[in-house]
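I opened the notebook to look up how the pieces of this structure pack together. Here is what I wrote down, entry by entry.

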Amino acid sequence: MSASVAIETRGLTKRYAQKTVVDNLSISVAPGEIYGFLGPNGSGKSTTIKMLCGLVAPSAGAAAICDLDIRTRGDAVRRSIGYMSQSFSLYGDLTVEENLEFYGRAYELEPHKRKERIAVLSRFSQLEPYRKQRADTLSGGWKQRLALAAALLHEPRVVFLDEPTAGIDPVARRDLWDLLFQLSEQGVALFVTTHYMDEAERCTRVGYIYDGELIANGSREELKALPGVTPPGTIRYSVRTDDPVHTLAQTRDKPYVRDATIFGDMLHLLVTDDVRATQLSDDFGVAPGWVERIDPSLEDVFVALTRAKRHPA
Amino acid sequence: MNRNAFDLRGYSAIIYKELRHLARDRVTLGLAVVLPVVQILIFGYAINTKVEHIASAVLNEDRGIVSRQFLDALRGSQMFDITETVATRGQLLNSIVSGRVRAAFDIPPNLSANVRAGHAADVQALIDGSDSTFAQPAYAASTAIADSLSPPAKAAIVVIPRVLFNPGLRSANFLVPGLIGVIMQLITMFLTSLSIVGERERGTLDQVMVTPIGALGLMLGKITPYAAIGFVDMLLVLAAMRYIFAVPIAGNLVLLIALSIGFLMGALGLGLLVSSIARTQVQAMLGVFALTLPSILLSGFFFERSLMPPLLQWLGYAIPLTYFFEILRGIILRGAGFADLWVPITAMLALGFAVLIGASIRFTRRDDA
């Protein structure tokens with residue numbers, strides 16, 4: 001089964017009583033794409049995933065997974081998707097193997113097929129040494145691998161991952177992403193929510209949802225080129241400094257500074273485009289080589305978009 | 001997303017998983033099996049304390065040799081202790097009304113003369129029926145006293161017992177069969193509702209709902225293991241009743257077991273109903289209590305339903321346990337059969353089926369939302 005579009009939503013909306021949690025969402029994700037779905041807490045990310053996985057009924061709009069309408073083809077949709085929820089949702093009192101066995105049965109895999117898939121995924125996720133171990137004794141990163149393995153047993157074409165790396169260490173995060181890239185190479189579409197900007201940078205395309213509304217959607221380059229991110233008449237610099245906090249304070253009385261954020265030992269500045277690098281090195285007392293023109297990062301993009309929403313000009 | 005409510009797929013997968021949970025959770029499994037037996041032992045012994053040395057009053061208007069023989073027999077019976085000897089019938093009655101004694105014997109003036117003349121002679125025994133614990137054994141023992149006399153008194157004297165305050169005397173056996181229903185309802189409701197709500201609480205249910213498992217497969221898969229535990233509990237409790245408390249089963253055992261399974265279905269339905277409403281395990285526990293306490297109080301387990309206000313009697317008709325008590329007592333104590341009990345049997349099965357269907361609809365709808 002090879003559909004041209006893995007995920008497609010048109011005007012997807014979820015309302016609870018008075019509140020619209022997801023508002024008129026239209027996105028499209030191709031097979032093999034890693035779609036990063038970002039947004040502040042409570043912006044509607046999980047609700048969107050739950051609608052697409054059939055856990056929450058949409059109030060309006062339509063959505064299809066691999067060209068299958070989620071309203072009418074629920075069963076076929078369930079066979080095409082894998083889901084990894086925000087918190088560990090396998091059975092802690094069951095062993096790794098028993099959890100996989102259960103999900104293999106839940107997906108109605110024939111016994112020989114089940115055995116084969118469990119073996120393949122144990123290798124893929126490197127869970128083999130832990131097969132007989134109770135799931136609740138695994139560390140966070142290994143729990144996520146198990147959850148991913150369980151979500152992949154039936155070879156889904158689309159996998160939804162709701163903050164899969166929340167609360168796990170950087171090495172485990174890197175390992176999990178390696179697995180996701182492998183899946184992407186196999187043509188599996190991945191729909192990933194995250195708060196980590198470095199993860200967002202790894203996605204093929206990124207959507208940004210704020211208060212239920214999709215306010216940005218596209219590749220990194222497209223998002224960084226959005227007019228609201230670097231408004232006309234402004235440019236971005238990074239300024240390396242020995243004391244970023246002090247330098248940040250210094251920016252307050254510089255009328256040409258529109259925005260300033262600390263990144264490690266750097267300060268990212270949004271300034272009016274008449275400002276030269278030499279002026280910045282003079283004003284902040286740093287070596288000329290420490291000032292550089294930069295492109296916006298995804299974080300800059302989201303901060304700019306969120307602020308524009310919160311305080312419309 | 002559409003999901004067919006009568007889709008049985010995934011049933012065996014859920015069963016597989018539930019059996020693993022149970023095997024891993026030895027404490028719950030142990031409690032589920034041991035608790036019912038402990039409960040019936042505690043309840044059973046609490047109401048089945050061996051009755052001896054019942055405080056008794058005597059009015060002896062005869063004072064002849066036969067009456068002395070009768071009093072000796074009374075003392076020798078272990079069952080009655082003569083704690084009061086009174087002079088008038090009014091005092092005799094008062095000794096019971098005041099609660100000082102639970103039995104009283106009225107020996108008429110001409111007892112010895114009648115026995116000597118070869119006539120029949122009656123001794124009246126008054127028994128306090130307000131406490132069925134004492135009344136039943138006292139009733140039985142009083143009629144047997146004459147048996148221990150020597151002839152000719154043995155043949156002539158007839159003790160005529162009269163139960164005061166509670167003419168429709170309840171036997172001590174009355175509560176033990178009823179316990180079967182209470183225990184079965186509690187255990188199955190707790191196990192099903194806690195198991196389902198627990199999954200919802202931990203978020204594991206969402207992960208299951210993403211798979212193609214059918215609504216019916218999930219539901220039956222969740223309740224079948226607990227139905228099996230409930231069934232084993234029922235057999236254990238029945239065995240305890242029969243062999244520890246020596247309550248004989250007068251009626252058909254197969255009918256009794258078949259109807260117990262029918263009752264189990266309704267109890268499981270109530271458990272499902274609780275789990276479709278409760279969001280946390282604490283709520284589920286409170287829900288089980290909220291449903292079970294009125295069930296126990298209104299079904300006639302402790303209190304005679306015919307003495308309740310009409311409204312409460314009517315409420316009792318809506319409780320499956322009410323009918324199950326009638327069935328249990330009918331079959332176990334009176335040896336009643338299907339023909340005698342078809343009304344409560346039909347009512348119980350219909351009620352249980354309705355609860356199960358209603359709960360299933362709620363259960364599948366809730367998770368499809």
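Before looking at helix pairs, I noted the handedness rule: a crossing is left-handed if the near helix is turned anticlockwise from the far one by less than a right angle, and right-handed if clockwise. I also noted that helices (H or I, at least four residues) and strands (E, at least two) are DSSP runs, numbered from the N terminus.

**Ground rules.** This is a predicted model, where local features need pLDDT of at least 70 and side-chain atom pairs count only at pLDDT 80 or more, while totals for chains, interfaces and linings use all residues. Residues are numbered from 1 along each chain as its sequence is written, and chains are lettered from A and ligands numbered from 1 in the order in which they are written.

**Chain A, overview.** I found eleven helices and 15 strands in chain A. Its C-alpha atoms fill a box of roughly 70 × 45 × 35 Å along the principal axes. Of the 313 residues in chain A, 44% are buried (20 or more other C-beta atoms within 10 Å of the residue's own, with C-beta atoms placed from the backbone). I then looked up contacts, meaning residues whose C-beta atoms, placed from the backbone, lie within 7 Å. Among the contacts in chain A with a separation of 6 or more, 71% link residues 24 or more positions apart.

**Helix pair H5(A) and H6(A).** I started with helix H6 (residues 170–185) of chain A, which packs with H5(A) at an angle of about 15 degrees, the axes being 9 Å apart. Axes here are lines fitted to C-alpha atoms, for helices over the stretch in contact, and angles run from 0 to 180 degrees between N-to-C directions. The two helices, H5(A) and H6(A), are therefore roughly parallel (the word covers angles under 35 degrees). The crossing of H5(A) past H6(A) is right-handed. Which residues of H5(A) meet H6(A)? They are Gly140(A), Gly141(A), Gln144(A), Arg145(A) and Leu148(A), and they meet Ala172(A), Asp175(A), Leu176(A) and Leu179(A) in H6(A). By class, I noted four nonpolar, three polar and two charged residues in this contact of H5(A) with H6(A). For the classes, Ala, Val, Leu, Ile, Met, Phe, Trp, Tyr, Cys and Pro count as nonpolar, Asp, Glu, Lys and Arg as charged, and the others, Gly among them, as polar.

**Helix pair H3(A) and H5(A).** Next I took H3(A) with helix H5 (residues 140–152) of chain A: their axes come within 9 Å and cross at roughly 25 degrees. That makes H3(A) roughly parallel to H5(A). This crossing of H3(A) and H5(A) is right-handed. From H3(A), Val96(A), Asn99(A), Leu100(A) and Tyr103(A) meet Leu146(A), Ala149(A) and Ala150(A) of H5(A). The contact of H3(A) with H5(A) has six nonpolar residues, one polar and no charged ones.

**Sheet in chain A.** I traced an open sheet of six strands with mixed pairing, in the order S7-S8-S9-S4-S10-S11 (chain A). Two strands pair if DSSP finds at least two bridges between them. S7 and strand S11 (213–218) of chain A stand at the edges with a single partner strand each, so one side of each has no neighbour in the sheet. On average, neighbouring strands of this sheet are turned by 15 degrees against each other, direction ignored. Inside the sheet, strand S4 (residues 34–38) and strand S10 (residues 205–210) of chain A run parallel and are joined by four bridges. Gly36(A) has Val206(A) as its bridge partner in S10(A). H5(A) lies across S7 and strand S8 (158–162) of chain A, at about 160 degrees to S7(A).

**Hairpin in chain A.** I also looked at strand S13 (residues 257–263) and strand S14 (residues 266–272) of chain A, which run antiparallel with six bridges between them. S13(A) and S14(A) form a hairpin with two residues between them, and Gly264(A) in the turn has a positive phi of about 60 degrees. Phe263(A) stands opposite Met266(A) in S14(A).

**Where chain A touches chain B.** How many residues does each chain give to the contact? I noted 28 residues from chain A and 25 residues from chain B. On the side of chain A that touches chain B, helix H2 (74–80), strand S7 (81–84) and helix H3 (96–106) of chain A give two or more residues.

Conventions:
Contact = placed C-beta atoms within 7 Å. Parallel < 35°, antiparallel > 145°, perpendicular 65-115°, else oblique. Buried ≥ 20, exposed ≤ 12 C-beta atoms within 10 Å, placed from the backbone.
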